[in-house]
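Reader: Hi! Could you walk me through this one?
Author: Happy to. Here it is.

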Amino acid sequence: MFNYTFRWNQALNSLPQMLEGALVTMEIAILSMVIGISIAILLTLFRLSRNPLLVGIAATWVEIARNTPALFQIYMVHFGLAGFGIHLSPYLSLLIGIAFNNAGYLTENFRGALKAIPDTQTRAARSLGMTPLQAFRNVIMPQMLRISFLPMTNQMVWAILMTSLGAVVAMNTDLYGVTSELNARTFRTFELFAIAAVIFYLITKVITLSARLLAARLFRY
Amino acid sequence: MKSALFTAGILAATAIAMPAQADKLDDIIASGTLRCAVVLDFPPMGSRDESNNPIGFDVDYCNDLAAALGVSAEIVETTFPERIPSLMSGRVDVAVASTSDTLERAKTVGFSIPYYAFENAVVAREGIEMASWEDMKGKTVGATAGTYEAIWLEGKVKEWGEGQFRPYQNQADVFLALSQGQLDATVATVEVSEANVKSGNFGGIKIVDKAPMVPDYVALITLREEYGLINYMNLFINQQVRTGRYAELYKKWVGEGEPADLTIPGVYR
């Protein structure tokens, strides 16, 4: 028998708190994407360089970020670094963990995008007298970002959903943390998590729809 | 003819008069297994020994309850935030997991009478200067999410208006964070604090003071509408004290001092 009596009022009363948590979640996701994209562009440059050390750094980062669980990465940033004396707040550990993960996946996205750009572009740019870095910045990078724009929104949605892993590092101000705390206090599990799921869905839907609109506008020929 | 009709009528009446559902006490005895939720990172109430078997005061109580019912005990390991959800979802029959009997929880689950009482202590990192529990003001404190101490501590941090509160997912993470310096202080039961300080697993922590909460009475929990089982558990707890088993288990797992008085003077139950 379904042993549960629904009490929606109690859960709906906590909606303001959950919306505040949603704001923190968005903040973390956006910041981690910005940091992740910057690091990913850097790692792509490392990969294209001739220096074996830089290529090695980029390869290691991508391997670790893509082949270990995000939960593990966030946990290591918080507890592992603390073992070496570096103390990070839950917010920072979550942010750094997600940014680390993002950078790895985005570098692979960019690699795929680079493969879609023909060699002739680089050669034409170099023959105009640009240095390799200028060629990358002015000719290749815009095309690369344009091709990987929609995969990047994929990663953004994933970053939003990954913020829920903050529970293991005592993050209690993001959407999942707030919901979990309310649940521990009132035990309205089904109602609270249903509302949180709807909020997550709305956030990600808004992001994907606005990304598609942006792409239609920005990338018109 | 008439007697045949009469017999058919009696049979039909008894069939309708049968109870629509048996209660949980009958279900447990019929199934032959008592599934208890026990928290196993909470020495001395629940922990694991070297061969990874569950041991502890709560584990022994679960075994005693199963023996009294004439069934075998199945220990289902849960974490503190998971005790009540596992009961509500039907994963366990009872939770012998040191659950404090707060009124908020009583809206959802059914509590027995208390079977143990904890005093809480403030545990701090060795480098921090703290004379009493009030020195927690303005510091970074934490506790296990969803526990009585965590709710009290969070309320205090909000009241003081300064300092930070961090809820970790289990007791082990709290003490790890404390010994690493991520937390300045935490509140935990005296038994757990002493066990952890003594074990040396978490270096650099010390017990500072008793926390000013009323003794934390913990009870067995089951579904709210299972009155048969709740009454049985009440009698079981009474018999544990009466026969001296409570004192015996207290001595085995906690050691020094007198086992806590489980009555509140001045009120009947």
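**Domains, core and strands**

Author: Let's begin with chain B, which is divided into domain 1 (10–118 + 217–253) and domain 2 (120–210). Keep in mind that this is a predicted model.

Reader: Thanks! How far apart are the C-alpha centres of domain 1 and domain 2 of chain B?
Author: Those two centres lie 29 Å apart. The contact between them takes ten residues from domain 1 of chain B and 15 residues from domain 2 of chain B.

Reader: What classes of residue are on the side of domain 1 of chain B that touches domain 2 of chain B?
Author: That side has six nonpolar, three polar and one charged residues.

Reader: On to the largest nonpolar core. Which of its residues touch the most other members?
Author: The core has 111 residues, and those touching the most other members are B:C36, B:V38, B:C62, B:A95, B:V96, B:V122 and B:V123. The largest share, though, comes from chain A: helix α5 (residues 90–115) of that chain gives ten residues.

Reader: And why does this core lie between domain 1 and domain 2 of chain B?
Author: Domain 1 (10–118 + 217–253) and domain 2 (120–210) of chain B both give residues to this core, so it lies between them.

Reader: Let's zoom in on B:C36. What does B:C36 touch?
Author: Not counting residues up to four places away in sequence, B:C36 touches B:C62, B:A73, B:I75, B:V76, B:V92, B:V94, B:A95 and B:V96. One of these, B:I75, is also the bridge partner of B:C36 in β4(B).

Reader: Nice. How do strand β1 of chain B and β4(B) pair, parallel or antiparallel?
Author: Parallel: strand β1 (residues 33–39) of chain B and β4(B) pair in that sense over seven bridges.

Reader: What is the strand order in the open sheet of chain B?
Author: The five strands have the order β4-β1-β5-β12-β6 (chain B), and the pairing is mixed. At the edges are β4 (72–78) and β6 (109–118) of chain B, each of which pairs on one side only. Neighbouring strands of this sheet are turned by 30 degrees against each other on average, direction ignored.

Reader: You listed B:V94 among the contacts of B:C36. Where is B:V94 found?
Author: In strand β5 (residues 94–100) of chain B. B:V94 has 25 C-beta neighbours inside 10 Å, so the residue counts as buried. Leaving aside neighbours within four places in sequence, B:V94 is in contact with B:C36, B:L220, B:I221 and B:T222.

Reader: Is B:S98 buried or exposed?
Author: Buried, because B:S98 has 28 C-beta neighbours inside 10 Å.

Reader: And B:N52, what is its phi?
Author: The phi of B:N52 is near 70 degrees, again a positive value in a residue other than glycine. B:N52 sits in the loop between β2 (47–48) and β3 (54–55) of chain B. With 7 other C-beta atoms within 10 Å, B:N52 is exposed.

Reader: Switching to strand β8 of chain B: how many of its residues are buried?
Author: Four of the five residues in strand β8 (residues 140–144) of chain B are buried, so the strand is mostly covered. Five bridges join β8(B) to β9(B), and the two run parallel. B:T144 stands opposite B:Y168 in β9(B).

Reader: Now the other chain. How many helices and strands are in chain A?
Author: Chain A has ten helices and zero strands. The C-alpha atoms of chain A fill a box of roughly 70 × 50 × 30 Å, taken along the principal axes. Of its 221 residues, 34% count as buried.

Reader: What about contacts in chain A between residues at least 6 apart in sequence?
Author: Among those, 75% join residues at least 24 apart.

Reader: Last topic: how many residues do chain A and chain B give to their contact?
Author: The contact takes 20 residues from chain B and 17 residues from chain A. On the side of chain B, the elements that give two or more residues are α4 (83–88), β9 (164–168) and α7 (171–180). By class, that side has ten nonpolar, eight polar and two charged residues.

Reader: Great, thanks for the tour!

Key:
Residues numbered from 1 in each chain as written. Chains lettered and ligands numbered in written order. Predicted model: local features only at pLDDT ≥ 70, side-chain atom pairs only at ≥ 80, totals over all residues. Core = buried A, V, L, I, M, F, W, Y, C linked by C-beta atoms within 7 Å. Buried ≥ 20, exposed ≤ 12 C-beta atoms within 10 Å, placed from the backbone. Domains from an automatic or database assignment. Contact = placed C-beta atoms within 7 Å. Nonpolar A, V, L, I, M, F, W, Y, C, P; charged D, E, K, R; others polar. Pairing = 2+ DSSP bridges. Axes fitted to C-alpha atoms, helices over the stretch in contact; angles between N-to-C directions.
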